[in-house]
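Hello,

Here is the structure you asked about. My notes on it follow below.

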Amino acid sequence: MTEQMPRGKETGGHGIDHKKNPVVITIAVTKGGVAKTTTAVNLAAEFGMHGYRTLLVDIDEQGNSTLSATGSYRDTFNDAALFDAYRTFGFPGCSTDHFIHKTMMTGVDILPCSAYSLMIPDQAEILHKTKHYPPYAFLSAILQNVRFTSYDYIVIDTPPGKNTFSLSGIYAADEVIIPLHPDKYSVDSLNETYRLIQTMNRENGMEISILGILLTIVEKVRFTQILRDSLDSGAYRGLRFETEIRKGQAVNDATMRGPVVLMDPRSNPARDYKALYEEVLTRIRRKEQGGNQTKETEEENGQN
Ligand SMILES: Nc1ncnc2c1ncn2[C@@H]1O[C@H](COP(=O)(O)OP(=O)(O)OP(=O)(O)O)[C@@H](O)[C@H]1O
Ligand SMILES: [Mg+2]
């Protein structure tokens, strides 16, 4: 039988108090190639630029956010990365801080991917056998080591699919942002991700919340409006971010050099990510103040 892993935020109730606790924002959806990494890195860059101490966590063994945030391939971090935090979990005197690195972005550190990241699920299984928590609960525990100390925001980039990596990112979240590229399969992946979060909440007695649904790589095509209308009128009413990230070559041009908000701040996608940052802050502040419109919408959704 699995037990529930204690999580720091429970000690402070559900209210977000980032004077003490960082807010953990996970970018997750089961579909691949829809700008999860691009969103994670650009949002982290915006937080850092605005003076928030930010930790980016790369729990995707592809290492894309590690490359984008540091300019270095994942092998660079083989001696000290997220896998090592799993490997040394529970060792006396071993803190997650040992595996955190600086990035190219002001105010943003990273818990990076390494070549060993693909062994994280095996390591989580080993930990599960000794500690009895579900394998996906250990990322949250690893972040406990830092979550009360240095950071205002923790942004987690997850891989596509339904696996230990993506489940770990969701379990560790206070808030989930679900990116959607407007195409015919996007609603399936949204539904799947939504059900995953609901199941995790139900099984663990948790309150992981969806901060919003973000349309990404958006082009002016008829289907985008159909998707907007369907999100706004159905079970996801109130969750769609007003901000949308437009398609722009600037993102691809910037990828290897850093986030587009830094590399080409005047481009459409960069302007959109800046607007997203503002909307994210507004939604988080609204929740802090108790005007939890998004949450109410989620509760309504739960009754559907
Ligand atoms: N606004 C945008 N305009 C144009 N291209 C974009 C935009 N956002 C992301 N891309 C490109 O789309 C591709 C997928 O983006 P990204 O790697 O962020 O997606 P992902 O969801 O993290 O993928 P994966 O599921 O493989 O982790 C990349 O080549 C990226 O440069
Ligand atoms: Mg990615």
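Which element gives the largest share of the shell around ligand 1? That element is α2, with three residues. Please keep in mind that this is a predicted model.

The ligand site

Ligand 1 is surrounded by 21 residues, and the closest of them are Gly32, Lys36, Thr37, Thr38 and Val251. Two or more residues of the shell come from each of α2 (36-49) and α10 (249-254). By type, the shell around ligand 1 has ten polar, eight nonpolar and three charged residues.

The core

The largest nonpolar core holds 86 residues. Those touching the most other members are Ala44, Leu56, Leu82, Val176 and Ile178. Leaving aside residues up to four places away in sequence, Ile178 touches Ala28, Val29, Leu190, Thr193, Ile210, Ile213 and Leu214. As a general point, nonpolar side chains in soluble globular proteins tend to be buried together.

Two backbone angles to look at

Most residues other than glycine have a negative phi. Ala35 has a positive phi of about 85° without being a glycine. Ala35 sits in the loop between β1 (23-27) and α2. Ala35 counts as buried because 23 C-beta neighbours lie inside 10 Å, and the cut-off for buried is 20 or more.

Ile217 is also not a glycine, and its phi is positive at about 50°. Ile217 is found in the loop between β7 (209-215) and α9 (222-233). Ile217 has 20 C-beta neighbours inside 10 Å, so it too counts as buried.

Regards

Definitions and conventions
Residues numbered from 1 in each chain as written. Chains lettered and ligands numbered in written order. Predicted model: local features only at pLDDT ≥ 70, side-chain atom pairs only at ≥ 80, totals over all residues. Near = placed C-beta within 6 Å. Helix = DSSP H or I, 4+ residues; strand = E, 2+ residues; numbered from the N terminus. Nonpolar A, V, L, I, M, F, W, Y, C, P; charged D, E, K, R; others polar. Core = buried A, V, L, I, M, F, W, Y, C linked by C-beta atoms within 7 Å. Buried ≥ 20, exposed ≤ 12 C-beta atoms within 10 Å, placed from the backbone. Contact = placed C-beta atoms within 7 Å.
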